[in-house]
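Welcome! Below are some exercises with worked solutions. Have a look at the structure, try each task, and then read on.

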Amino acid sequence: CDRTFVSNEGSKNGTFSAPFMINHQNYSRQCIYTFIATEDERVQITFTHFALRGAKPMCNHEYIDLYMEIEDPSVELIRTPFGGRICSRNIPVSRISMYETLVLAFYTDRTRVTPELFGGTYEFIDAAQYVMGTPTPNTVCSYTVYSDQKREGDMMSPTYPGVYPKNLRCSYNFFGKRGQRLRLEFMDFDLLYGGPHCPFDFVKIYDGESEEYPLINTYCGQQRNLVVFSSSENLYVKFVTLQRNADNSNRGFKAAYEFSERFVSLDFISKTDGEHIRGTQCDQKILSKRGSSGLVCSPNYPYPYHPDVICRYYIYGMQDAQRLERVRLKFEKFEIPSSTPTCTDGFLRIYLQGQEERYALDEFDHNLCGQESPPSLKSEGPRLVMIFKSGSTQGQGFKAQYHFEADYQVPGTASPNGSCQFFYRSASQKFGDFNSPHYPANYPSSIQCEYYFLGLEGEQVNLVFNYFKTKMDVEAYGYNEICQEDWLEIYEVWPSGRERKLGRYCGRTAPGPIMSALGVDTVKVLLHTDDKNVASGFTATYEFFPADTRYVDCGRNISELTEGVLLSPGFPGSYSPSLQVCNWFITVRPHHRILLSFVFFQIEGDPERRGCPGAVVRVYPELSEPPMELCGESLANHSREIFSSSNIMKISFVTADKAVGAKGFQATWTEVKEGTKCDQFQCSMSKYCVAESAKCNSLPNCGLDDYSDEVDCLAIHGIDIHLIIGLSFAGAIITVITMCAIFHRKCKRRRTPSDTQHHRNQPKMAATPHIAIQDHV
């Protein structure tokens, strides 16, 4: 069943298929298909149908082995590079030989083989298309290209569009003339992807004549719209594939190259403080030098620019813990003709909000063209980006002056040293707004901002957050210890200078309403961001209140009790949608702790999606540590029951003016003895040691899942309330009826005939004592 296909003058293509074969004993059969081209040709095969058993990597009983790198046809196949094994019903991608010979080795143990099993077409193609310049000696795919010999052409991987071989080392060296630049545009790019660092197969492009020059970039995987420009007349490309066992079906690449003097000269960048971005035609970046300024202009300025040129300008201000900057742009000259009034032909687009970071280049802030000088512009963040596109009509272009200005876009009194520090004094303004830097645009990375709210003596500070979002790569409930990237912290500052942290917040978990404790007239807020990614930040309001009982009109101090119930204001009705503060301080005996159990809980908010901005319950298991913040339609298991770490616990309920109202909460608290010995009542499941008085009070004093303090008294409660009262009432009725019946019988016996006659003869006044006796009875 072996077959050989040889190129000759009359036959440069044809078809091939599986043989017709009967194999009654199901022996393993092998058929070799050999395709032999001439010296200046290569072999290309394309499968049109394919229906072999098995699937990779389990190609055991029926498969085709490929050999595409046969340099010497006389050498045994086992000694030539192996090109992979294929099976299954998926049609394989096209294959092209590296040299003049290609071999398919078909193996099967099928009883009956027909041509429908697999088939395809073959073609002997011209090998000259893979020779793109002067071959490098002792290599199979390395070439040198000189512009004076060939100004433009194609560059392909050795077997494109077929699957490229393993263990390749190819290089392409381009040499141009002085004043020329090279443009390399990839029409197709498909390599094995091993990760962003391209550890397996890759293409590296260097901005010069060898690997000693700066690396432009490393590419792998699939690339779209990949265009690379050299900074000068030379460029070096290296293509490497690793030796590996795994099969791949990647095509490689095909690119078009061009040497030209018409590409933009980079002199207009070098004359300013800009830095050319390697690999681009004329893109540049300008970095601040702390309040620096300079000029930026269009290509070839002051002479007319070339048509159909696109240049990008990335102007970045400083953004660190000490300084944030905005970019101010003032135009001195502007002439960009456009053939359309909507500036679609030639234009200068300006981005003021950092849209390039989220790849939203269609959301530009200004689209400029014409001859009228634009007004002065200022970025909303530390980044300003411009995209210049020259149209079919030439113009002189533009010239503008940029200046980096420190500006955080935060209301309040800024620190005079320029750091991200702001002060809000009650003596100046009783209420107002504050926000993260550049809100509603993204806040900067690598920054720490401080906000101080300074009330007068005897005042309290109220903070309410209206929007909150920090960057958080791991979506989770953003509170306290989970906040490790970007976060916000809030502190109460006592007159002595002692600080107490109320919490750390991140993600979408907005802080609940804040009302500083009585005696605390200063609150500090810290915003911290790391060096990776950003988010929109927060906006909030502040207000200073006199410290009076109007804002502590619920809650109380509790001591000398062993259990109790806490209710939100108005429960079981809804709490009031207004500013309200409730504080409960519970103190139990030494060597005891407090168990707080929420029986019912419904507070507006969502801890995972938006936090507790309108209303919040704060539980302080330890007064010196940040509290737990609770809200939502229900509670998680870890927050339905909370243990104090000592014999003191604080519970606060705070609502803001923007609250909408909800049912509130009902909670029970219980004194629990510490230690293993219990001289009171010990719960059967939780093993808590509680007071005897906690039994049979219809409260979950043993915890929400332990009813042992109520189980033994459920029957007694039923008899006391229903049975005993019912029987007592029934017994009283029966007793009255019985007494009435006995008295009636006695009276009946007394009424004999003689007595009747005797009474008839008596005066009427004699009946009065008898009636009195009946009334008395």
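**Exercise 1. Strands side by side**

In which sense do strand β16 (residues 181-190) and β21 pair, and over how many bridges?

*Solution.* Start with the ground rules. This is a predicted model, in which local features need pLDDT of at least 70 and side-chain atom pairs count only at pLDDT 80 or more, while totals for chains, interfaces and linings use all residues. Residues are numbered from 1 along each chain as its sequence is written, and side-chain values use heavy atoms, with hydrogens and water left out.

Step 1: strands are DSSP runs of E with at least two residues, helices are runs of H or I with at least four, and both are numbered from the N terminus. Two strands pair if DSSP finds at least two bridges between them.

Step 2: β16 and β21 pair in the antiparallel sense, over 9 bridges. To find the place, look for R181, whose bridge partner in β21 is S260.

Step 3: β21 also pairs with strand β14 (residues 152-156), again in the antiparallel sense, over 5 bridges. Here M156 stands opposite K254.

Step 4: buried means under 20% relative accessible area, exposed over 50%, and partly exposed in between (1.4 Å probe, protein chains only). In β21 (residues 252-260), 7 of the 9 residues are buried, so this strand is largely enclosed by the rest of the structure.

**Exercise 2. An open sheet**

What is the strand order in the open sheet of 4 strands?

*Solution.* Step 1: the order reads β2-β11-β5-β8, and the pairing is antiparallel. Step 2: β2 (13-17) and β8 (95-96) are the edge strands, each pairing on one side only. Step 3: strand β5 (residues 41-50) and strand β11 (residues 118-126) are joined by 9 bridges, and Q44 has E123 as its bridge partner in β11.

**Exercise 3. Dividing the chain**

Into which domains is the chain divided?

*Solution.* Step 1: an automatic or database domain assignment supplies the bounds. They are domain 1 (3-126), domain 2 (131-260), domain 3 (266-406), domain 4 (413-546) and domain 5 (557-694). Step 2: taken over C-alpha atoms, the centres of domain 3 and domain 5 are 58 Å apart.

Step 1: turn to the UniProt record, an unreviewed entry, which places "domain: CUB" at residues 1-125, 141-260, 282-405, 420-545 and 554-672. Its positions are given in the numbering used here, with shortened feature names, and its annotations may be inferred rather than shown by experiment. Step 4: residues 1-125 are 0% helix and 48% strand, with end C-alpha atoms 26 Å apart. For residues 554-672 the values are 3% helix and 46% strand, with the ends 25 Å apart.

**Exercise 4. Charged pairs**

How many salt bridges does the structure hold?

*Solution.* Step 1: a salt bridge is a side-chain nitrogen of Lys or Arg within 4 Å of a carboxyl oxygen of Asp or Glu. Step 2: there are 28 of them.

Step 1: take D207 and R278, whose closest N and O atoms are 2.6 Å apart. D207 lies in the loop between β17 (202-206) and β18 (215-219) and R278 in the loop between β22 (275-276) and β23 (284-287), so the pair ties together parts 71 residues apart in sequence. D207 is buried at 5% relative accessibility, whereas R278 is partly exposed at 40%.

Step 2: R589 and E671 form another salt bridge, at 2.5 Å from N to O. The pair links the loop between β44 (580-587) and β45 (592-602) with strand β50 (residues 664-673), 82 residues apart. R589 is partly exposed at 41%, and E671 is buried at 2%.

**Exercise 5. Cysteines**

*Solution.* Step 1: a disulfide is a pair of cysteine sulfur atoms within 2.5 Å. The whole structure has 12.

Step 1: one of them joins C282 to C311, with an S to S distance of 1.7 Å. This link is left-handed, with -100 degrees about the S-S bond, and both C282 and C311 are buried.

Step 2: the closest sulfur to that of C297 is in C311, and at 10 Å it is too far for a bond. C297 counts as buried, at 11% relative accessibility.
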